[in-house]
Amino acid sequence: MTAVVTAPRAARHRPAVVEMVLEHARLWALFLVVVVWVAIWAVTQGQHTLALSASAITDTHRQLQDASNWVEDAASSGSSAWVNAANTFADWINSVFEWLQHIFTVPEFPRPLPQIGWLGTIALAALVTFAAAGWRSLLLVVPSFLAFGFLGYWTDSIDLLLVTGIAVVISAAVGIPLGLWMGHSKVVTAIVTPVLDFMQTMPSFVYLLPISILFGIGAAAAIIVTLIYATPPVVRITAHGIRTLPAGVMEATASMGQSRRQRLTKVELPLAKRTIIVGINQTMMAALSMATIAAFIDGPGLGQPVLDGLKRGQLGTSFVAGIAIVIMAIMLDRTTTAASVRVEQASRADKAHTALRRGALGAGAIGTLVALYLSHNYVWANEFPSSPDLGTPIRDKVDQFGQWLLTDVSSLTTSIETNFTEKFLNPVQSLLADSPWFVTATAIALIAAIVGGMRALLFTAVCLAGIYYLDLWNFSMVTLTSVLVATAIVVLLAVVVGVWMGRSRVVDRIVRPFLDAGQTMPPFVFLIPIFILFGPNRFTAMVAGVIYAAPVAIKLVADGIRGVSTETVEAAESSGTNKWQMITKVQLPMSRGSLLLATNQGLLYVLSMVVIGGMAGAGALGFDIVHGFRNSSYVGRGLAAGISVVLLGIMLDRITTYGAQRAARSQASSEGITARWRRVLHIAPPPQVSHG
Amino acid sequence: MRVKRTQAVLAAVAAAMALTLGACGGGSIQNAKQPAGGKDCGDLNMAVNPWVGYEANAYVVGYIAQTKLGCTVNYKDLDEQVSWKGFGNDTVDVVIENWGHPELQKKYMASKGGDGTAVDAGLTGNDGIIGWYVPPWMKDKYPDITDWHNLNKYASLFKTPESGDLGTFYDGDPGFVTNDEALVKNLNLNYKVVFTGSETALIEAFRKAEENKTPMIGYFYEPQWFMSEVPLVKVDLPKYTPGCDADPTKVACDYPPYPLNKVVSKDFADSGSPAYTLVKNFNWNNDNQNQVARWIAVDQMDPTDAAKKWVDANPDKVNAWLKGTGVTS
């Protein structure tokens with residue numbers, strides 16, 4: 001009953017009542033569109049659905065296939081300058097990688113062991129960590145390296161570090177200058193942004209084959225595949241860092257008559273340094289997430305045991321390798337974050353402290369040299385000891401767990417799957433995919449216009465036209481359904497868990513490591529257990545998408561809730577609101593920007609799981625993409641499916657982004673949202689930032 | 001598979017190590033000696049296509065090439081399409097188990113009008129069978145289910161939310177040959193093909209169906225290690241006759257038998273490497289492959305260890321394969 005009393009009070013705080021009405025007008029309009037859509041669907045379903053059998057190939061697909069064959073032939077003939085350049089580049093990367101491998105992981109005949117074994121590698125890693133991130137990070141880095149060995153994946157772990165390292169160095173070398181340029185030029189931004197969108201949303205399976213043809217089978221192809229996905233973050237975040245430099249500082253330095261070059265090196269780069277390191281951190285995480293995908297074309301590293309486990313039906317094998325990847329991700333994330341904090345502290349450090357640090361660094365360097373010497377000359381310091389073996393017991397336990405799921409749990413979970421699919425997923429899919437295509441298209445366009453305005457409508461129209469042209473309309477709608485339903489679950493989870501975390505530091509501390517693990521564990525690892533629970537179908541694919549997308553959405557909501565100023569919360573408390581009212585009337589409405597952002601990211605993360613969904617029984621576009629990769633007669637159709645996924649991604653992103661901007665304009669400033677966004681980009685929570 | 005290579009080289013120099021360890025009295029690292037049979041072999045680039053039966057072939061041949069012929073074996077985890085492409089630029093020498101793939105033959109085999117980078121290296125001795133299978137408990141309960149004429153009678157058993165009023169028929173990895181959509185249509189079966197999209201998904205589904213005694217029908221194949229865990233029962237489709245599958249949209253007959261073969265790059269075949277002779281001679285039966293595959297998949301042995309175990313137990317076969325290489329075990 002008290003809710004009735006406090007509701008108008010909350011409303012009275014808003015500046016314009018008209019706005020509230022408008023807000024409701026949009027909701028009513030959405031409702032109307034859906035009602036009319038359902039009514040039309042009821043009488044027309046099953047007509048003009050543009051359904052296409054899974055093995056059919058249309059003229060458009062044939063054209064794409066011809067185009068792809070043409071590129072392939074050009075690549076193998078080796079006559080054009082482009083191909084030669086690609087080969088040179090690949091040779092160069094391969095030789096760098098091989099050189100590093102001979103140092104760390106692969107012996108070069110006649111030497112029976114690599115130049116530097118585990119002791120030298122760990123000492124070197126420790127020294128670099130100490131120099132870049134400080135001694136505290138050693139407490140994470142050294143145990144992590146030891147864990148790689150104890151889990152039984154020393155060589156694969158170091159190989160993955162090498163691949164990731166090379167990919168990050170190249171990404172930074174290309175991405176930072178490009179980001180700087182974007183930060184200064186609206187024209188460059190307008191040209192580069194769609195390219196970055198494309199690179200991030202195009203499923204990697206579509207370009208695995210062409211890349212391995214153009215750059216040859218080997219480490220180079222794996223690194224280039226990684227680069228395509230991992231470069232955009234550092235470009236975007238660098239550009240963002242430059243754009244958000246305080247205007248006052250920039251004007252002041254401009255008036256001092258500096259040249260452009262001076263301004264760049266003396267002012268902009270130092271000021272944006274921390275943001276750029278955040279960009280590198282994100283690029284590193286993206287590169288690691290490609291480890292398993294790259295293993296499909298023999299990419300070295302931990303992706304290979306993950307796929308081995310999947311191939312052999314060994315849950316435990318995949319899981320242990322997955323843990324090693326999670327450890328690596330958390331280690332790299334925390335260390336680069338510590339390094340970025342240090343960049344700021346270093347400039348403020350006093351002389352005595354600097355001298356002490358230099359001394360410690362010197363001592364560390366000597367210790368490292370000794371370790372390198374031992375590691376080069378003695379077997380015990382080179383070959384990682386085979387005991388204690390943590391990998392085998394964990395693997396066995398996980399396998400037992402899988403057996404338990406199969407025998408004791410799976411009949412229960414199957415009924416959950418059946419009910420959900422029949423009562424919820426199938427009706428929604430029928431509405432989207434079984435309505436005549438023009439009805440669905442009109443409905444989506446109207447929804448886009450209502451939520452995101454004219455710009456969203458424009459993007460939606462273009463994307464839908466593209467999907468229509470690519471001849472995979474029906475499958476696109478099936479995929480869209482799964483994405484929308486999975487995102488709905490993600491948002492629901494994000495609100496429930498996010499609010500819980502946002503309101504309690506303790507809960508946050510406990511839950512966040514699990515979110516980090518969920519975000520960095522390769523999705524292939526949890527495929528087998530969900531197969532056991534739910535069998536191969538669309539529901540299973542959705543579960544995989546939810547597991548992958550929920551962590552980032554939960555973190556966004558949690559940070560949004562925490563971002564509500566303490567004054568507001570205290571004011572509400574003093575006026576006698578209870579806990580439930582606090583959440584629904586104050587905290588959730590105040591963090592509406594974060595909610596929309598969580599929706600946006602949820603959609604894109606779920607969409608990025610479409611291909612894995614195709615391997616889990618979801619069919620539709622994901623299946624077409626896998627089909628194109630696995631069967632050379634379907635390359636054209638796979639390409640069409642890949643582009644359709646990109647178009648769906650851009651459409652959903654624009655609708656939600658413009659929708660969020662509209663909401664933000666009526667409420668919090670968009671800067672607040674970007675700041676929050678930047679913090680959540682870290683898989684780690686940043687040191688506590690006080691708001692308000 | 002760098003680990004495997006590392007381990008293998010380590011094994012190759014173990015003898016040298018043992019000697020020097022005694023001499024130096026410590027764990028210092030000494031250079032390796034040239035392996036025993038190290039003449040003319042050089043690198044052997046072995047594609048490892050993504051299924052366990054293939055791994056069994058690849059690691060048995062690779063292990064013999066390494067230990068008896070002194071080759072440096074590079075195992076490359078690749079799927080079929082990428083492997084065949086690799087013949088052209090010498091990054092792949094051998095595909096050790098090939099399931100037909102007329103579309104790839106057309107592209108890369110001179111005899112089929114391709115660019116001539118791939119050549120046939122004879123049969124592996126394994127007989128590939130593709131077909132429709134049900135878990136064993138269904139055969140016990142519905143003995144006549146193995147005749148396709150009765151499939152419509154049982155269609156309602158196989159209903160899932162994926163297929164509405166029809167029965168669900170599960171298909172596997174899209175890289176494998178399938179006519180199932182056409183078969184369902186041309187045999188007028190009340191089923192819908194659901195694409196699981198991967199071998200793992202299919203195997204887990206069959207395992208679960210047998211464990212919980214739930215109905216399931218799907219595409220499967222032999223040789224396959226999983227058959228020794230759950231002996232799936234084949235459903236008889238209309239008999240295959242040569243040419244009955246000529247038009248992929250009109251297929252109404254069972255899959256043809258697939259005598260599995262080996263494919264190698266032209267350069268490797270012409271190189272005169274003893275490894276090529278070994279690959280050409282290699283021939284074993286489905287039981288042999290299933291045995292090694294089971295060690296890898298079920299007993300979780302390292303593929304190289306599994307290969308060693310089999311090679312040590314079967315010297316006669318191995319010797320026959322080594323004929324013409326100038327080396328005997």
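Reader: What is said of the pLDDT over residues 673-692 of chain A, and how many contacts does the model have there?

Author: The pLDDT, which is the predictor's confidence in each residue, from 0 to 100, stays under 50 over residues 673-692 of chain A. For this stretch the model has 35 contacts beyond four places in sequence, where two residues are in contact if their C-beta atoms, placed from the backbone, lie within 7 Å. This is a predicted model, in which local features need pLDDT of at least 70, side-chain atom pairs count only at pLDDT 80 or more, and totals for chains, interfaces and linings use all residues. Residues are numbered from 1 along each chain as its sequence is written, while chains are lettered from A and ligands numbered from 1 in the order in which they are written.

Reader: Why is H14(A) called roughly parallel to H21(A)?

Author: The axes of helix H14 (residues 303-311) and helix H21 (residues 523-534), both of chain A, come within 9 Å and cross at roughly 20 degrees. Axes are lines fitted to C-alpha atoms, for helices over the stretch in contact, with angles from 0 to 180 degrees between N-to-C directions. Angles under 35 degrees count as roughly parallel, over 145 as roughly antiparallel, 65 to 115 as roughly perpendicular and the rest as oblique. H14(A) is therefore roughly parallel to H21(A).

Reader: Which residues make the contact of H14(A) and H21(A)?

Author: H14(A) contributes A:Val306, A:Leu307 and A:Leu310, and H21(A) contributes A:Phe524, A:Val525, A:Leu527 and A:Ile528.

Reader: What makes the contact of H14(A) with H21(A) nonpolar, polar or charged by class?

Author: Ala, Val, Leu, Ile, Met, Phe, Trp, Tyr, Cys and Pro count as nonpolar, Asp, Glu, Lys and Arg as charged, and the others, Gly among them, as polar. By class, this contact has seven nonpolar, no polar and no charged residues.

Reader: How many residues does the contact take from chain A and from chain B?

Author: Chain A gives 66 residues and chain B gives 57 residues. H17(A) gives the most to the side of chain A that touches chain B, with eight residues. That side has 29 nonpolar, 28 polar and nine charged residues.

Definitions and conventions
Helices (H or I, at least four residues) and strands (E, at least two) are DSSP runs, numbered from the N terminus.
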